[in-house]
Structures are given as structure tokens and as C-alpha cells.
Amino acid sequence: MSDTFLDKAYNTAGIAATRDLYSRWAASYEAEVSQNGYATPRRCAEALQAVTLDFDAPILDFGCGTGLSGLALSMAGFSTIDGIDLTQGMLDRAGEKQLYRNLSLSDPDVPFPVRRGDYAAISAIGVIGAGAAPIDVFDMLLGALGTGGKFVLSFNDSTLKTPAFEKRLYASVSSKSAILLSENYGDHLPGINMKSKVYVLEKT
Ligand SMILES: C[S@@+](CC[C@H](N)C(=O)[O-])C[C@H]1O[C@@H](n2cnc3c(N)ncnc32)[C@H](O)[C@@H]1O
């Protein structure tokens with residue numbers, strides 16, 4: 001592969017550069033990741049499905065992008081999904097899928113507009129890590145869940161190379177802010193031989 005957005009994605013840092021990358025990638029994102037067998041949304045949706053009883057309770061798909069993660073959640077049976085993303089071009093594609101209840105543009109410079117307990121579950125699928133959202137977003141999303149709320153997220157191989165990401169996740173477990181319900185390492189983008197870890201946490 002040469003000069004694809006995937007080549008650039010994992011070296012991008014900062015809000016402005018991330019938004020710029022995904023704005024330019026929005027039109028071809030789905031084709032490029034699909035060609036490479038993007039597997040993490042389905043793995044995350046199935047991991048959350050395995051610990052869910054009420055499939056009508058609202059879920060926030062944070063960093064929903066073009067909606068591939070929402071599509072996987074919907075196919076796993078979840079019926080009430082809101083999406084939020086940093087990039088308007090990605091959100092426009094997500095809107096075309098007509099599966100989200102609400103879609104909104106996030107602004108990292110203002111307080112997160114979600115009250116604790118608004119959502120039974122939050123997903124951050126392919127969102128936190130190298131080339132995307134910083135690790136502080138992990139604390140923000142966990143903090144937005146009420147007791148018993150579920151948090152499904154993934155870290156790809158590029159992100160796992162920076163120990164700070166997993167360290168923060170495991171710290172939330174050792175400090176008893178969350179219980180780790182499952183953890184699974186598997187395919188992310190098999191076309192470029194990249195894997196990811198999928199975690200499901202329960203807020204205590
Ligand atoms: C690799 S895409 C994943 C999109 C979707 N979840 C999927 O699985 O296809 C990462 C998305 O995260 C969004 N993003 C990156 N940083 C973000 C942040 N700080 N807040 C919200 N969204 C962010 C990007 O705009 C992009 O749409």
C-alpha cells in the first residue's frame with residue numbers, strides 16, 4: 001500500500017490534524033477499510049451484545065465516523081444509538097445510513113455534553129489511540145456512565161505500542177472504577193496485518 005489514508009492515519013496527532021485527516025478521508029474511508037477487512041466493529045458489537053440484557057436502552061457511539069460502528073451495533077440488535085464525532089464529513093456519511101437516533105458534532109474545547117447515566121452503554125470503536133482521540137477521552141467516557149453502564153472500546157496494534165493507553169484502562173480496573181468483563185485480541189484490518197484488542201468494561 002502506498003499513499004493511502006491508512007498509511008497516514010497512525011502518524012496523525014492533535015485535534016486539528018485529526019479533523020483534517022478524517023475530513024479528507026470521509027469519502028473513501030469505508031471503501032479503504034472494507035477492502036482491508038475491517039473487523040473491529042463487529043467484534044466490539046458482539047462483545048457488548050454478550051453482556052447486554054436490554055437492547056432498547058440508549059447507546060452512545062462515540063467517534064461514530066461514517067457509521068460502520070453503528071451499523072455493527074444495529075446488526076447485533078441494539079435499537080437506540082446516538083452518534084457523536086469530531087468530523088462533520090464523517091457524520092454526514094453516518095447520517096446517510098439512517099440508523100442513528102441523533103448525530104452530533106463534538107467539540108473537545110467545551111465540556112462533554114453528556115450527563116452521567118444518560119447512556120446504558122458507550123462505544124469507542126477504533127477511536128482512542130494513535131491517529132485519533134487522546135487517552136483522556138477514555139476517562140471522560142467512563143465518567144459519563146452510571147453504575148452498571150457498559151463501555152466497549154478497542155485499541156489497535158499501533159495504539160498498543162504506546163503502553164500508556166492500556167495502562168490507563170487497567171488502572172481504572174485496579175482502582176475499582178470499572179470491572180473488566182472481557183478482553184479479546186483479534187483481527188482489526190487483516191489486509192494490512194493489523195490486529196486490535198476489544199475490551200468491555202462495566203462502570204462500578
Ligand atoms: C478510525 S475512525 C472510526 C470510526 C468508526 N467508529 C468506525 O469504527 O468506523 C475514528 C473516528 O474518530 C473520530 N475522532 C477522532 N478523535 C476524536 C475526538 N477527540 N472526539 C470525537 N471523535 C473523534 C474521527 O473523526 C473518526 O471519525
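**A ligand and its surroundings**

Helices H2 and H5 each supply at least two residues of the shell around the ligand. Keep in mind that this is a predicted model. Let's look at the ligand, and then at the nonpolar cores.

**Around the ligand**

- There are 21 residues around the ligand, and those that come nearest are Tyr29, Tyr38, Gly63, Asp85 and Thr87.
- Sorted by class, this shell has 13 nonpolar, seven polar and one charged residues.

- The side chain of Tyr29 has an N or O atom 2.8 Å from an oxygen atom of the ligand.
- Gly63 uses its backbone: an N or O atom there lies 2.7 Å from a nitrogen atom of the ligand.
- In Ser69, a polar side-chain atom is 3.0 Å from a nitrogen atom of the ligand.
- How much of the ligand does the protein bury? Taken alone, the ligand exposes 600 Å², and the protein buries 96% of that.

**The nonpolar cores**

- The largest nonpolar core has 35 residues, and Trp25 and Tyr29 have the most contacts inside it.
- Several elements each supply at least two residues of this core, including helix H1 (5-9), helix H2 (15-25), helix H5 (68-75) and strand E7 (194-203).
- Helix H4 gives the most to this core, with four residues.
- Leaving aside residues up to four places away in sequence, Tyr29 touches Tyr22, Tyr38, Thr66, Leu68 and Met90.
- Another core, of 26 residues, lies apart from the largest one, and among its members are Phe138, Phe151, Leu153 and Phe165.

Note on methods:
Residues numbered from 1 in each chain as written. Predicted model: local features only at pLDDT ≥ 70, side-chain atom pairs only at ≥ 80, totals over all residues. Heavy atoms only, no water. Core = buried A, V, L, I, M, F, W, Y, C linked by side-chain atoms within 4.5 Å. Buried < 20%, exposed > 50% of the residue type's maximum accessible area, 1.4 Å probe, protein only. Contact = heavy atoms within 4.5 Å. Near = heavy atom within 4 Å. Polar contact = N/O pair within 3.5 Å; in protein donor to acceptor, adjacent residues only side chain to side chain. Areas by Shrake-Rupley, 256 points an atom, 1.4 Å probe, with all protein chains shown as cover. Nonpolar A, V, L, I, M, F, W, Y, C, P; charged D, E, K, R; others polar.
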